[in-house]
Amino acid sequence: MAIVATTLYTRSAINGGLSVTEAYSLSDEIIKQIEKDKIISNYYEYTRAIGEIFVNRINRQKRANLTVIVYKAQEYIYAHYSEINSVDEIADYLSISLPYLQHRFKKETGQSLIQFINQQKIVHAKHELLFTNKSINEIAQNIGCSNQSSFSSLFKKIEKISPMQYRKQYK
């Protein structure tokens, strides 16, 4: 069922604007992980999470209405979400003032830079919680949290449950 859902998501992603190459590459990656997972206790949540991965990829490509500054800021965040220590880094990378970047970003996306960075961290953490057997501490390190406690707090703030509860509930 999960492979069938992945196939349908792949087709929909292509129709939604994702390049054929990227859609099939993502599909292959997900199907390999599905085949490794011997037991899937909650197919609904499992396939929903797969759909979310595809939706996030489509959203990355559907940002034509953003200014170049905000687009480049998002691209930087997508590529470096686990390494970003301060939003100043993004402004420095773009060679613009931080207040201007924060204003444009909030105006165009409806989110602050910090909210967007944290959202990306949690999206990747949820993927790792569902599709790997990595420890909570490993996942925290992978997404750039200083420790397991700060990761758990951030996760709970955004998802309203702890990372361990999320894994138990949805894996």
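In the predicted model, helix 4 passes helix 7 in a right-handed crossing. The axes of helix 4 and helix 7 come within 10 Å, with a crossing angle of roughly 35°. On the side of helix 4, the contact is made by Gln 74, Ile 77 and Tyr 78, which meet Leu 113, Phe 116, Ile 117 and Gln 120 in helix 7. By class, this contact of helix 4 with helix 7 comprises five nonpolar and two polar residues, with no charged residues.

Helix 7 (residues 113–131) also packs against helix 6 (residues 98–109), where the two axes come within 9 Å and cross at roughly 65°. Because of this angle, helix 6 is roughly perpendicular to helix 7. Helix 6 contributes Leu 98, Leu 101, Gln 102, Phe 105 and Lys 106, and these residues meet Leu 113, Gln 115 and Phe 116 in helix 7. The residues of the contact of helix 6 with helix 7 comprise five nonpolar, two polar and one charged.

The largest pocket holds about 490 Å³ of space. A total of 23 residues line the largest pocket, and those closest to its centre are Asn 56, Arg 60, Tyr 78, Gln 120 and Val 123. Two or more lining residues are given by each of helix 2 (20–36), helix 3 (43–61), helix 4 (68–80) and helix 7. Helix 7 gives the most to this lining, with seven residues. By class, the lining of the largest pocket divides into ten polar, seven nonpolar and six charged residues. Tyr 78 and Gln 120, listed among the residues closest to the centre of the pocket, also take part in the contact of helix 4 with helix 7.

Methods
Residues numbered from 1 in each chain as written. Predicted model: local features only at pLDDT ≥ 70, side-chain atom pairs only at ≥ 80, totals over all residues. Heavy atoms only, no water. Axes fitted to C-alpha atoms, helices over the stretch in contact; angles between N-to-C directions. Helix = DSSP H or I, 4+ residues; strand = E, 2+ residues; numbered from the N terminus. Parallel < 35°, antiparallel > 145°, perpendicular 65-115°, else oblique. Contact = heavy atoms within 4.5 Å. Nonpolar A, V, L, I, M, F, W, Y, C, P; charged D, E, K, R; others polar. 1 Å grid on protein atoms, 1.4 Å probe; cavity = no way out; pocket = protein on both sides within 12 Å on 5 of 7 lines; lining within 4 Å. Points joined across faces, edges and corners; volume = space filled by probe spheres on them. Left-handed = near helix turned anticlockwise from the far one by under 90°.
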